[in-house]
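Reader: Could you take me through this model in a few questions, with the cut-offs behind each term?

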Amino acid sequence: MTAMSSRSARLLQLSAADFRTRLPEALAVYTTAMGYAPGTAEQRAPTWLAHIQREGWRNVVALDTAGSLIGLTYGYRGMAGQWWHEQVRKGFIEGGSKGASDDWLDDYFELTELHVRPPSQAHGIGEELLRKLLDDVPQSKVLLSTPEGTTRAWRLYRRLGFQDILRHHYFAGDPRPFAVLGRRLPL
């Protein structure tokens, strides 16, 4: 696949049914962008299918000129009882920031996934995906988690005004430290 500019990528929102149909392709983008082993897709598929059922779920995908999926993003309304929400709330409490959790974990959109195939990265596609996903989100803020470290994703989030909410947080089942970043909406 050749690199492309954001102008040559076609962005669109898929229905839940269409997203399910393209799930193998979406998971291939995810594993390639994250550098994960192909077997990771099989482990993540049930989680992504469950996310589709969540309140406020929405997505945006980027297609190349041949119609192949080269990028995707999705998220939903975050709320108490969801795994990610409870993990972050616990991190706030353990860090002595209960008040911050009350503010940030109320009325937020959880940006769950944002991935672009490596050959198509650094051409503005990730930013366009993110902007289109968050356009008209009814929640007052957006939260996300990303592995600690200087990456293209970090630079994108910083450029768009995301701030540190929780740093060096460890999610159950993952040995890597993560940062939780947030931003008031609209972008």
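This is a predicted model: local features need pLDDT of at least 70, side-chain atom pairs count only at pLDDT 80 or more; totals for chains, interfaces and linings use all residues.

Author: Residues are numbered from 1 along each chain as its sequence is written, and side-chain values use heavy atoms, with hydrogens and water left out.

Reader: Which parts does the aromatic pair of W84 and F171 tie together, and how many residues apart are they in sequence?

Author: Rings of Phe, Tyr and Trp (its six-membered ring) pair if their centres lie within 6.5 Å, and planes under 30 degrees apart count as stacked, over 60 as edge-to-face and the rest as tilted. W84 and F171 form a stacked pair, with 6.4 Å between centres and 25° between planes, and both residues are buried (under 20% relative accessible area, against over 50% for exposed and partly exposed in between, with a 1.4 Å probe and protein chains only). Helices (H or I, at least four residues) and strands (E, at least two) are DSSP runs numbered from the N terminus. Because W84 lies in helix α4 (residues 83–94) and F171 in the loop between β6 (163–169) and β7 (178–184), the pair ties together parts whose separation in sequence is 87 residues.

Reader: Is D136, which has a positive phi, buried or exposed?

Author: The phi of D136 is about 70° although this residue is not a glycine, and D136 lies in the loop between α6 and β5. Its relative accessible area is 63%, so D136 counts as exposed.

Reader: Where does D107 lie, and what is its relative accessible area?

Author: D107 is another residue other than glycine with a positive phi, near 60°. Its place is the loop between α5 (98–104) and β4, and D107 is partly exposed, with a relative accessible area of 32%.

Reader: Which residues does the cis peptide bond join?

Author: P186 is found in the segment after β7. With omega at about 5°, the cis peptide bond joins L185 and P186.
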